[in-house]
Amino acid sequence: MLIASALSALLALAVFGVLAGGEMWRHRVVYLGCAIASLVLLAGGLKHLGQTPGTGPAIVLPIGLPWMAAHFRLDNLSALFMVIVNLGTTAASVFGIGYCDHVPEPRRVTPFFPLFLFGMNAVLISDDAFMFLVSWEFMSLASWLLVLSDHRNEESRSAAFVYLMMATFGTFCLLTCFGLMAGAEGGYSFPAMRLHGMDGLTSFLVVLLALLGAGSKAGLVPLHAWLPLAHPAAPSHVSALMSGVMTKVALYGLIRILFDLHGHVAWGWGAVLMGIGGVTAVLGVLYAILQDDLKKLLAYSTVENIGVVVIGLGLAIAFKDSGEKALAALALVAGLYHIINHSIFKTLLFLSAGAVITATGERSLNKLGGLLNRMPWTGAATLVGALAISALPPLNGFVSEWLIFQSLFKGPSLPHWAMKFGVPVVGAMLALAAALAASCFVRAYGIAFLGRPRSQAAAEAHTLPFSMRWSMAVLAALCIILGAVPVTVTDAVSHVVQPLTGVSFAVSADLGWPWLSPVSSTRGSYSGTVLVMTGLSLFVICIVLVHGFGTTRVRRADAWDCGHRENIVNAQYSGESFAQPLRRVFCSSLFGVKETVTMPDPGDMAPAKLEVRVIDRIWVFLYLGIGRVVGFVADRVNRMQFLTVRRYLLMMFATLVFMLLVVAVRQQK
Amino acid sequence: MTAILGQIAQIFLVVALAPLITGWVRLVKSRLNGRIGASPFQPYRDFYRLLQKEAVVAHSASWVFRAAPYVTFAAVWLAACIIPTFTTNMVLAPAADLIALVALLGVARFWTALAGMDVGTSFGGLGASREMMIASLAEPAMLMVSFSLSLITGTTSPAQIIAFVLGGGVGIEVSLGLALAALIMVAIAENGRIPIDNPATHLELTMVHEAMVLEYSGRHLALMEGAGMVRLTLFMALISGIFAPWGMAQPGAGALGVALGLGAFLAKCFILATALGFFETVIAKMRVFRYADFLGGALLLGLLATIFIYVSEAV
């Protein structure tokens with residue numbers, strides 16, 4: 001009931017947003033309303049998650065198709081994702097209260113923001129295919145309008161166009177997928193689909209289409225191309241939601257179909273998912289390392305994290321199909337834990353990118369620098385986010401990576417030879433992605449927040465409104481808390497996993513509460529709580545010993561820099577120079593990176609130039625290739641517009657005959 | 001109770017012993033170079049001297065620069081607490097496994113790299129950039145070593161692995177040999193030893209770790225150098241513990257067993273330190289962009305170690 005009223009409140013806020021006009025306080029009211037509605041939905045999700053496992057009551061509303069009412073239900077999986085989604089939306093809405101002044105055109109953002117929130121929440125509680133798809137489209141179109149909000153910018157317009165194409169393609173795949181699952185009788189409600197059996201080919205197509213449909217929304221390689229264009233084009237609090245939250249709704253769709261509605265996905269698909277996940281993770285983070293635009297970097301890092309989650313999901317499918325239910329539960333818990341974590345730290349990092357843009361007006365790394373001294377709050381919160389996304393203990397990102405590694409390490413116990421050899425390779429890819437993510441965020445944080453300011457704007461960065469700082473501080477605190485008490489999180493998630501894999505996930509009992517030991521107590525364990533306590537004590541001992549035996553005096557002086565006294569700011573490492581070793585090692589063949597140095601003639605005072613050219617092979621070969629094919633076909637089909645009436649009639653007749661033949665052949669059977 | 005005592009002894013042992021091991025390596029190297037060399041206790045005197053000096057901090061440095069030495073040292077120290085040296089009976093042993101160990105060293109590296117970039121000099125950025133490139137290959141290699149060890153011994157916890165090996169559960173396997181080779185290569189890279197990095201140079205185009213800590217002085221420098229020494233001890237304990245755990249005290253061992261374990265650990269460290277000194281003397285440093293071949297080799301060896309387990313099973 002509370003959830004229903006919160007959702008209707010969001011719709012009402014959208015109307016109010018349209019009427020807001022130029023008055024800034026009205027925009028603030030809309031965001032405040034969104035924050036309250038999100039909090040209510042968050043509480044609703046948490047309340048359901050705290051209860052014993054089981055499906056919630058179904059609600060049937062007489063809206064939608066004439067012959068079919070709309071079904072809604074909140075079960076454990078929906079409740080978990082409701083918590084994930086609304087954590088992000090609450091933070092982004094609170095951020096929006098302060099941020100809406102700084103958006104280029106607030107009147108193009110405020111009305112669609114509540115609609116976007118509504119769409120995402122409605123996807124989660126839909127209990128039939130029709131409502132699911134309508135809500136999915138609601139979410140896609142609202143976010144498309146938000147991407148388009150800066151419509152005078154050519155780049156935003158083309159990003160919005162690519163996004164619209166990909167969203168249409170995704171929905172088309174999902175529509176077909178649901179159609180196949182419903183069968184010839186058209187049982188479009190989810191309970192009917194669960195009962196409906198499938199033959200081999202249908203099952204194959206359903207999984208393929210679900211992967212294409214939900215995967216294109218989530219940003220799996222090679223369907224990721226739109227994501228780094230569209231996510232950064234929106235205002236930062238919307239980018240935070242698109243990257244941190246909307247991709248999670250896409251993963252919800254994938255989990256709902258593969259683990260719940262379909263239910264018996266073959267292990268081979270698990271292997272495919274793991275392969276795609278591994279490639280997505282490595283490519284995503286390599287792209288991220290090459291970026292200069294702070295928001296594009298974050299968007300590519302989202303691609304990487306989605307890959308990490310998909311590795312976990314693929315492993316869970318393989319274990320489930322092989323009857324290893326406890327390990328399937330472990331892998332699924334690992335994937336869900338990473339979904340929770342990524343939604344928190346990615347929202348945090350995008351909000352901080354928004355804060356940086358507000359304070360300096362710059363989003364290029366090479367124009368930033370030294371921001372930690374000017375913006376201590378944002379800097380500290382971003383540091384926590386950067387540490388968490390680099391999977392460093394004791395923060396939350398590490399716990400989920402640890403769980404995924406633990407389940408991967410059990411992967412070779414699968415009976416299939418392909419898995420025995422494939423799992424170590426995927427493990428190496430995941431390890432590579434994790435290590436590269438740390439490099440990527442040392443680079444991003446070190447260039448933007450440390451060092452000396454690289455532009456006037458960065459040197460004069462100003463502090464931010466209260467609401468923006470607090471939303472980041474709360475998210476940073478969550479990164480620490482979810483890392484320090486991992487067992488509490490896995491206990492909450494285990495209710496969700498139980499109906500999907502058949503067994504509940506439980507940590508080994510002989511070690512007790514703060515010890516996370518997924519398989520058995522001698523198999524390997526981790527305790528964030530103990531690690532934090534011990535680490536802090538060692539830190540304090542360290543300070544006491546050093547200050548006790550030595551002096552505490554500090555002298556401020558110029559940087560030594562090996563005696564180079566020239567004070568050139570541009571002599572600092574830039575984004576490109578930091579990435580150079582990694583670019584040479586990993587990207588030279590993968591992205592066709594070419595570096596050309598142009599030296600001036602001796603005696604010429606012109607500066608030397610270094611040009612770096614990067615080719616995105618997927619974009620060039622796949623997308624532009626498809627674009628060319630579509631253009632070619634369209635040209636040919638175009639000729640059909642200029643035929644004579646006689647020919648049109650002939651074509652109609654031929655079509656009619658063909659259809660009648662099809663019907664006749666089918667009846668013969 | 002003995003587990004708590006063992007843990008506390010371990011915590012202070014690693015820190016107390018680390019400078020001596022580094023001092024010994026330096027002594028071995030100078031003797032091999034034909035020099036008399038300083039006493040192996042010289043690093044302790046250096047620490048005392050550094051602690052008495054005031055710390056100089058650049059105007060442009062933020063709090064990250066001042067916090068990084070403490071965080072780095074604490075992270076490496078914490079990692080070293082978890083690797084058994086003379087006993088496997090430690091209360092903190094289940095708190096982290098090999099994966100967490102890799103990540104704890106990653107924390108130290110992250111902060112050191114940030115500190116290198118904080119002052120805004122070109123040397124700091126150079127060191128940070130190269131260090132992260134090395135880590136992006138060394139870390140996966142180390143994880144693949146953990147993967148193969150976990151497949152052989154059925155656990156990722158160092159204490160349990162050692163208990164398994166001591167229990168005679170492991171014969172001679174190809175995979176173990178490959179894993180050992182990969183682990184030694186990773187250890188060389190992580191500790192910044194020749195041929196990856198030279199701990200004794202300054203102002204060479206090839207330096208990595210020294211470039212990041214170039215701006216440090218006084219107690220901050222002492223902590224950064226101390227972290228490096230503890231890291232070296234940690235890797236010696238890890239390699240000797242997993243591949244030659246003999247003499248280590250097991251739970252239930254008496255005072256004699258513990259004394260034996262301590263003696264065995266000291267002996268292993270000095271053998272490894274001597275070997276390191278010898279190795280560093282006979283080999284030349286590599287070019288920066290050759291690192292990828294060296295560490296990519298380590299990663300591949302780790303992967304092969306994992307895959308060979310099944311090949312040897314099938315044959």
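1. A word on burial before we start: a residue is called buried if 20 or more other C-beta atoms lie within 10 Å of its own. Please keep in mind as well that this is a predicted model.

2. With that cut-off, 28 of the 33 residues of α17(A) are buried, so this helix is largely enclosed by the rest of the structure. Its length also checks out: α17 covers residues 417–449 of chain A, and at 1.5 Å a residue it should span 48 Å, which agrees with end C-alpha atoms 48 Å apart.

3. Do look at the bend in α17(A), about 25° at A:Val423, where a proline, A:Pro424, follows within four residues. Just after the helix, A:Gly451 has a positive phi of about 75°.

4. Next, the contact between the chains, to which chain A gives 71 residues and chain B gives 70 residues. On the side of chain A that touches chain B, elements that each supply at least two residues include α16 (396–409), α17, α21 (528–549) and α22 (575–590).

5. Finally, the domains: chain A is divided into domain 1 (575–613) and domain 2 (617–668). Their C-alpha centres lie 48 Å apart.

Technical notes. Residues numbered from 1 in each chain as written. Chains lettered and ligands numbered in written order. Predicted model: local features only at pLDDT ≥ 70, side-chain atom pairs only at ≥ 80, totals over all residues. Expected span 1.5 Å × (residues − 1). Bend = angle between axes of the 7 residues up to and from the residue. Buried ≥ 20, exposed ≤ 12 C-beta atoms within 10 Å, placed from the backbone. Domains from an automatic or database assignment. Contact = placed C-beta atoms within 7 Å.
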